[in-house]
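Here are my notes on the model, as numbered points. Have the structure open while you read.

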Amino acid sequence: MKSPNLAASGAAAATERGLLSNGRGKTVGTLFASLLFFGLSVAMLGLAWLLVWSFLRAQGRLSWDLFTNPPSTLDIESAGFRPAILGTLMVMAFVFVVIVPLGVGAAIYLEEYADRNRWYNRFIELNIQNLAGVPAVVFGILGLAFIARGPFGLGFIPLTASLTLALLVLPTVILATREAIRAVPDSIRQGSLALGATKWQTISRQVLPVSIPGITTGVILAVSRAIGEAAPLLLVGATTFVVFDPELFNSGYTVLPVQIYQYATRAQPEFHDLAAAGVVIMLIVLLTMNGFAIWLRNHFDKKRVG
Amino acid sequence: MDLKVQSKRILPVAVTGLLAASLAACGNSDDDENGGGSNGGGELSGSVVADGSSTVAPLGEAAAELFMTENPGVQVTVGTSGTGGGFEKFCAGETDISEASRDIKDEEAQACADAGIEFVQLGVANDALTVMANQDNPVDCLTVEQLQQIWGPDSTLSNWSEIEGLDADFDEELDLYGPGTDSGTFDFFTEAINGEGGVQRTDYNNIGEDDNSGILGVEGSAGGLFYSGYSYYLENQDRVKAIEIDNGDGCVAPAEETVQDGSYAPLGRQLYIFPSDQGLEKEQVRAFVEYFVSNSGEVAEAAGFIGLTEDQEAEALESLDSIG
């Protein structure tokens, strides 16, 4: 990995020198840099505003009760999110289990095996890109018609939610994984093949290990999107009032976004504070999961270099 | 490729497998979604699945909570698919109880009949559909006729001064807020005021299912007008005011007494649950429904609604006895 870095820094240096030698170029460069920075700050300020608002609103409600207690209408003061937190973790764990093999598998096929001259491969590719833009609620209807009812008939259980969300985010994983695989220089493949490795050995021992950081990033993005979805889950049975812990094959589960939405639309202001506390919890859950994924990525990154 | 390197590469797969196994272990349970029932004579167990109106959900949740403290073996879940969505699942045999903020429609009843699902309609609480206005609005009372002028499907009124026969002069632009067309509240209001369910002028601020944004709208707009459940008014009395309703016998304000004695008309309404015959065959469902109806006062108070009158409660219990 040393030579690409060298090349990149060389290119950067050359660009900088080019800008410096030209006064107008410098102004334009500064202008664009500040425009880009402005774009970044709009995003960050929006997030910061949301966080500050949630924390202020949730103040006084933040306690372990939120993690250990079930929701309650009678006793709002000690109501918590326990079933929703467990439901979210369970649903997400299985989204992960489904999307990693399927998404990576599909991407490997499309990048390494598929013959792009065949119409069906181009058709599949086009469809995956289109699927990434389909609204979430459409996947909810799909999940309702084919997974909860219909051919699969799993019923309104957490596994149904996992499969529905997996379908929703699969395109994200496939696209990210393809990018990661495409970024592996062909010389590595050719070197491996030249040394007598089979195609599968080349993919599994050379291409995939190098692509893991890119794949992990895709999976993080996908899971982060899935964790915030409420609309499709309402259709496949994420009920709003559940006081017991969820079970994978049992109906009666809920997830954090659904619970937050339900609290936010209540009449009593105490529930609105609770909803804000839910936002904070969701953030904690999301950051913990992402943190773990990033740790995993760095772990593999280090191993590859070392 | 020694064994050590191989095992490291397998690690993520192994972790995934472990995760799956441990979660699957959590999934082990003795009662599945439709199973349960009671084990022997005493303790009730099993599940009760209720779904439907988001307006009725707080009632269902309060009832479920009270019921489950007495019957810890029973698992009650309450969903909020909306009155229409609730009936759709109910008639597909997927829920035991459907919660509704209006009567069942003919086509919904037909769907249930086609699926062979019989049901009974039980009142569980009273609600006053409350018309709310800005606190600076001098108008205190509107007749049903005037509400129709404002909300009717052909209405083009855009200013309060255009309303005929107002009890006060008010020159301010009308700013209308109302629930989404899927809501049972919308169906009930349009039926009661415009004479036909689902018919209403369309150029209003559609707040969907989020009643709090209607309150927010009326609070910030001098000519604002909004209708919603009584609990939203109760919680926001310092922000909006309730308009009294004149149904020909003088102005009546929404309140517990006026709803229970029927004088708050035509916007006083009952909220319902519809248990199915199949559901009621399960002991825990029947016990829950009985509990819900006979403790309606306590349940309604906890959820911010108005309890049943004694007559209504007796009627509901009688209907319950008539099925199963």
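1. Start with B:Asp96, which counts as buried at 7% relative accessibility (buried is under 20% relative accessible area, exposed over 50%, partly exposed in between, with a 1.4 Å probe and protein chains only). B:Lys282 is buried too, with a relative accessible area of 18%. The two form a salt bridge, their closest N and O atoms being 2.8 Å apart; the term means a side-chain nitrogen of Lys or Arg within 4 Å of a carboxyl oxygen of Asp or Glu. B:Lys282 sits in the loop between helix 10 (277–280) and helix 11 (283–294) of chain B, and B:Asp96 in the loop between helix 3 (82–90) and strand 4 (97–100) of chain B, so the pair ties together parts that are 186 residues apart in sequence. Helices (H or I, at least four residues) and strands (E, at least two) are DSSP runs, numbered from the N terminus.

2. A word on ground rules: this is a predicted model, where local features need pLDDT of at least 70 and side-chain atom pairs count only at pLDDT 80 or more, while totals for chains, interfaces and linings use all residues. Residues are numbered from 1 along each chain as its sequence is written, chains are lettered from A and ligands numbered from 1 in the order in which they are written, and side-chain values use heavy atoms, with hydrogens and water left out.

3. How many salt bridges does a search of the whole structure find over all chains? The count is 24. In chain A, have a look at A:Arg116, which is partly exposed at 40% relative accessibility. A:Arg116 pairs with A:Glu111, the closest N and O atoms being 3.7 Å apart, and also with A:Glu125, where that distance is 3.8 Å.

4. Chain A as a whole has twelve helices and zero strands. Its C-alpha trace spans about 70 × 55 × 40 Å along the principal axes. Of its 306 residues, 42% count as buried.

5. Helix 2 of chain A (residues 23–58) passes a length check: its 36 residues should span 52 Å at 1.5 Å a residue, and the end C-alpha atoms are 52 Å apart, which agrees. The expected span is 1.5 Å times one less than the number of residues. In this helix A:Gly25, A:Ser54 and A:Ala58 are buried. Just after helix 2 of chain A, A:Gly60 takes a positive phi of about 85 degrees.

6. A:Trp53, also in helix 2 of chain A, is partly exposed at 42% relative accessibility. With A:Phe37, A:Leu40, A:Met44, A:Leu47, A:Trp49 and A:Leu50, A:Trp53 makes a nonpolar surface patch of about 790 Å². Patches are made of residues with over 30% relative accessible area and no salt bridge; like charges are joined within 9 Å, nonpolar side chains (Val, Leu, Ile, Met, Phe, Trp, Tyr) within 5 Å. Accessible areas come from the Shrake-Rupley method with a 1.4 Å probe; for residues, only the protein chains shown count as cover.

7. Back in chain B, a surface patch of negative charge gathers B:Glu70, B:Glu256, B:Glu257, B:Asp261, B:Glu298 and B:Glu301. Helix 9 (256–260) and helix 12 (296–303) of chain B are the elements that give two or more residues to the negative patch. Asp and Glu count as negative, Lys and Arg as positive; His and the chain ends are not counted. A charge is placed at NZ of Lys, CZ of Arg, CG of Asp or CD of Glu. B:Glu301, in helix 12 of chain B, counts as exposed at 67% relative accessibility.
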